[in-house]
Amino acid sequence: MTDALPRAATDGLRANGEGGLLEIRDLVKHFPIKSGVIIDREIGRVRAVDGVSLAVKEGETLGLVGESGSGKSTLCRTVLQLTPPTSGSVRFEGQELVGRSAQSMRPLRREMQMIFQDPYASLNPRQRVGQIIGTPLRIHGLASGEGLKRQVNELLERVGLGPEHYNRFPHEFSGGQRQRIGIARALALRPKLIIADEPVSALDVSIQAQIINLLEDLQREFKLTYVFVAHDLGVIRHVSDRIAVMYLGKIVEVGPAEEVYANPIHPYTLSLLSALPIPDPRANAEREQIVLEGDIPSPANPPAACRFHTRCPYATEICSEEEPALLDYGHGHWAACHHPLHREHPEAVSEALPGLSREPA
Amino acid sequence: MARYIVRRILWGVLMLAIVSAVVFVMFYVFPSADPAELRAGRNASPQQVETIRHALGLDKPIYEQYWEYMKGIVLHFDFGYSYQSSADVRTLILDRLPATIWLVTGAAILWLLMGLPVGIISAIKRRSPLDRATMVTSLAFISAPVFWLGLVALYLFADGVGKLPIFPGQGSYITANTIPEKADSMILPWFVLAAASAAIYARYLRSSMIDVMSEDYIRTARAKGVPERSVIMRHGVRSAITPIVTLLGLDVGVLLAGNAILTETVFNIPGVGRLVFTSIERSDLPVIQGVTLFGAFFIIVFNLIVDIAYAYLDPRVRYR
Amino acid sequence: MSLLEVHDLRVHFQTDDGIVKAVDGVSFSVDRGQTLGIVGESGSGKSVANLTILGLTRSPITSISGRILFEGRDLLDASPDEMQHIRGEEIAMIFQDPLTSLHPFHKIGKQLTEAILVHKDVSTEEASARAIELLRLVGIPDAEGRLKAYPHEFSGGMRQRVMIAMALVNDPKILIADEPTTALDVTIQAQILRLIQRLQDQLGMAVILITHDLGVVADIAEYINVMYAGRIVEAGTLDQIFYDPQHPYTWGLLGSIARPDRPRAQRLSQIQGQPPSLLAPPQGCHFRPRCPYEFNKCPEIPELEARSGDPQHRDRCWLSPERKRTLRVVEGEQIGLEVPAA
């Protein structure tokens, strides 16, 4: 990380990854709030995703971190065109996705799949496992009959289940096993990109490790690219090559995983790291925890200018007047802040996570 | 909350306007015969028919007719004139209304008093012999056709003909003069009309209570040390009752609109239901039109009451 | 005499599929002002054990045995009326999801004053005043105005504060917190944990913190019970559990956490298999099927005993202390650091 004057991002895109498998440019998704006596008028908007630019390189794992209202789940769904964006562009392998008809999206959908958070809600309880995993293959005309069955069994084995599970129903499985079924379903079409929306949050800790290891093995074997959404910072750091931190619909920091954890630039990133309870009593005692006051603001009514200024311990006047731009601090590390930590509050960083070795700024 | 209510009222008015237009068009388009002839009755002469046609404005275009009709209703509460019955439609309906109101109100109170406690107790003592007994009995009452139940009730309990003559029998409402006499004559009809509904409400509340009692906030109430009775009533029933309120509003609205016809027939009660039936038998168009609108009015009004009551009970709904 | 002593608690549920042994021989104690952390995953019995302390698992299908001594008195012998007086007054409990745990149709002022009025014979004004006092204590702005608000009008963190206020309104001697921060965002979680610590300092109650997150207990607990499949498999002080863990399940738990403050591991160590069915748990040590170090003594139930020297540190594993020390190496990295010399 350099101390030289940051270059402004003329194109938030090239900021974080040269044109890659997935290019998201100025993506916006607003949900209108309607109210009225006779006719519904729009009285406000939930600015779930409010101008996000991101690139995902082939073969990497991009970790997306944020709390409630950050927009990370909406971003995933909008990228996959499961809900149409309000504006912006999403390019997959150079092809524009926004505005496509359902018909023309179809072949592209084979390349992008999603794994969902709640293993209890994301599998159809009335379908058998074989059906759940086999349906994508059937719909796209890739297999049928015996060939289909064979492929499904192969997938079941690959995720750690067996052919004896083919005819069972989801309710006969535990959370971790259901998540494996969801992964098999996502893999069925041999996609290039898998977006995993909090795939392990609902699982017990000991099962989480199993699923994370499985996802990593599958990435190597099937040459997958992941966008991994989670709120657990430990998990995110473990799986990600690069990390993007979101707050109220915007990206506040993005960069290589180790960099972001060792040298966070944005105070929100720091407070996330600081708030994380570490399973190590000595380390906890040594920390100077930053505990933010107040609640997370609603994305229907985000604070003006820098959205984090209402909770930021380092905010000054400029923060409520001018929105900070996403600037390049070298080595692919970008952040949007008027008071970057490494320059103005370096001691805060070393107090938050004493365990990590840090480069001199 | 105020905005919620105003919104609902405006929608209600709009619904009424739409229903009235639809009803009007239906009765204009569908009758297989000349409406003037139908209105004139069986034995009218051609001149009479023409006079009626002109008097009723049936030679004017449809939208003018509709406008006249609606003006009559809104400004003068005038639903037209029935030549067959030689009376204002309004008079016919309003004459019949008290009987139906007597019947429906009494039955509703009765079915709530019978059904709700049974539902609550069955839910609390799930799978006990009491619960199973009430579930079976309630199924019987739901399955029994109301006219059969009525005839059986008369057979068993009616004055004069019953095995155990303790209640006034068929037709006693017509001859009753004082309020106590009227109430007395209504006792059997109340029970008969209430039986199926009591059973339905008991089952409904039971199922609603079973869901509610497994909610987290019930566990919190117990953890706070709230006595079990209060947990059941103030926390459980308070939540479980809201769908019942919706149901009640719809049931009462529909009954007032004429759905109690079977009970009214069995017990010979001159109510709105009977009016509907006889007017259809006789193809008395103005009356049919009138009761349809009246019925729609009741249903929409009760829907409105139910919506408002719901918002009162469930604060989360108030902002819609 | 401790404030709370649980002796060999067993809670079995009669279900259509058989008897579920949710809690299968749990013993622990809590002293005044102490913080005990109970760590376990789903199915470990941690919630059922604590609900049983409050008498909330009593039903026709439950069979409970053992003793739960609160200030010397066995709660399992207490009548439902007596238990009702203890709940919310002597021992209070808060739950995981504050949205579903508060009644959606009652204003929170009413829910708070109810907690007071069922136990104390005071006027509504006095109860309201006390409610406002507690809301201020837990950091809710505009406490008096908020009495008329409904739960859905609060954010997640604020709702949890309301629940905490409601639990503390009668100055209970023990606060049981069942996964109080699991449903909350990380930054809010930190706030709530700080709050619980501060309140404990101020009010002096004992706290039993139930969680699956080892990070949470490392922050505020003094003693820890690690539960697995209905039993406590290891119990000890904070330092003992984190720096000298004795049970392979504890090793597995510690090892499978991705720690952001340490250099990145190549691969997370994982525990094979699934937690056992409580209908037919394995014979002897419940962890056997998943334990990489199982040997021929394991089919015999290991009792919860102090095996490593310190009487406060107990575990259920037949392996000798020396063997445990050698085995406690995962992926080339020792689990549990030696306590550094001061």
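Predicted model: local features only at pLDDT ≥ 70, side-chain atom pairs only at ≥ 80, totals over all residues.

**Chain C, domains.** Residues are numbered from 1 along each chain as its sequence is written, and chains are lettered from A and ligands numbered from 1 in the order in which they are written.

I counted the contact next: 22 residues from domain 1 of chain C and 18 residues from domain 2 of chain C take part. Here two residues are in contact if their C-beta atoms, placed from the backbone, lie within 7 Å. On the domain 1 side, strand E2 (18–30), E3 and H9 of chain C each supply at least two residues. E2(C) gives the largest share of that side, 10 residues. My labels follow DSSP runs, numbered from the N terminus: helices are H or I with at least four residues, strands are E with at least two. By class, the domain 1 side divides into 10 nonpolar, 7 polar and 5 charged residues. For these classes, Ala, Val, Leu, Ile, Met, Phe, Trp, Tyr, Cys and Pro count as nonpolar, Asp, Glu, Lys and Arg as charged, and the others, Gly among them, as polar.

**Chain C, the sheet.** What order do the strands of the open sheet take? I read E6-E7-E8-E3-E9-E10-E11 in chain C, 7 strands with mixed pairing. Two strands pair if DSSP finds at least two bridges between them. The edges are strand E6 (91–94) and strand E11 (314–315) of chain C, each of which pairs on one side only.

I then zoomed in on E3(C). Strand E3 (residues 35–39) pairs with strand E8 (residues 206–211) of chain C in the parallel sense over 5 bridges. Thr35(C) has Val207(C) as its bridge partner in E8(C), and Ile38(C) stands opposite Ile210(C) in E8(C). E3(C) also runs parallel to E9(C), joined to it by 4 bridges, with Gly37(C) opposite Ile224(C).

Is E3(C) mostly covered or mostly exposed? It is mostly covered, as 5 of its 5 residues are buried. Buried means that 20 or more other C-beta atoms lie within 10 Å of the residue's own, exposed means 12 or fewer, and partly exposed is in between, with C-beta atoms placed from the backbone. Thr35(C), Gly37(C) and Val39(C) point one way from E3(C), and Leu36(C) and Ile38(C) point the other way.

**Chain C, helices on the sheet.** Helix H1 (residues 46–53) of chain C packs on the sheet and touches E3, E6, strand E7 (174–178), E8 and strand E9 (223–228), at about 150° to the direction of E8(C). H7(C) lies across E6 and E7 of chain C, at about 170° to E6(C). Axes are lines fitted to C-alpha atoms, for helices over the stretch in contact, and angles run from 0 to 180 degrees between N-to-C directions.

**Chain C against chain A.** I found 40 residues of chain C in contact with 39 residues of chain A. H8(C) brings the largest share of the chain C side, 6 residues. That side divides into 16 nonpolar, 13 polar and 11 charged residues.

**Chain A, domains.** Chain A is divided into domain 1 (7–111 + 222–352) and domain 2 (112–190). Their centres, over C-alpha atoms, lie 31 Å apart. I get 8 residues of domain 1 of chain A in contact with 6 residues of domain 2.

**Chain B, quick look.** Helix H10 (residues 216–224) and helix H11 (residues 228–240) of chain B have axes that come within 10 Å and cross at roughly 145°. Tyr217(B), Ile218(B), Ala221(B) and Arg222(B) in H10(B) meet Val231(B), His235(B) and Gly236(B) in H11(B).

Last stop was Asp251(B), in helix H12 (residues 242–259) of chain B. Why does Asp251(B) count as partly exposed? Because it has 19 C-beta neighbours inside 10 Å.

Methods: Domains from an automatic or database assignment.
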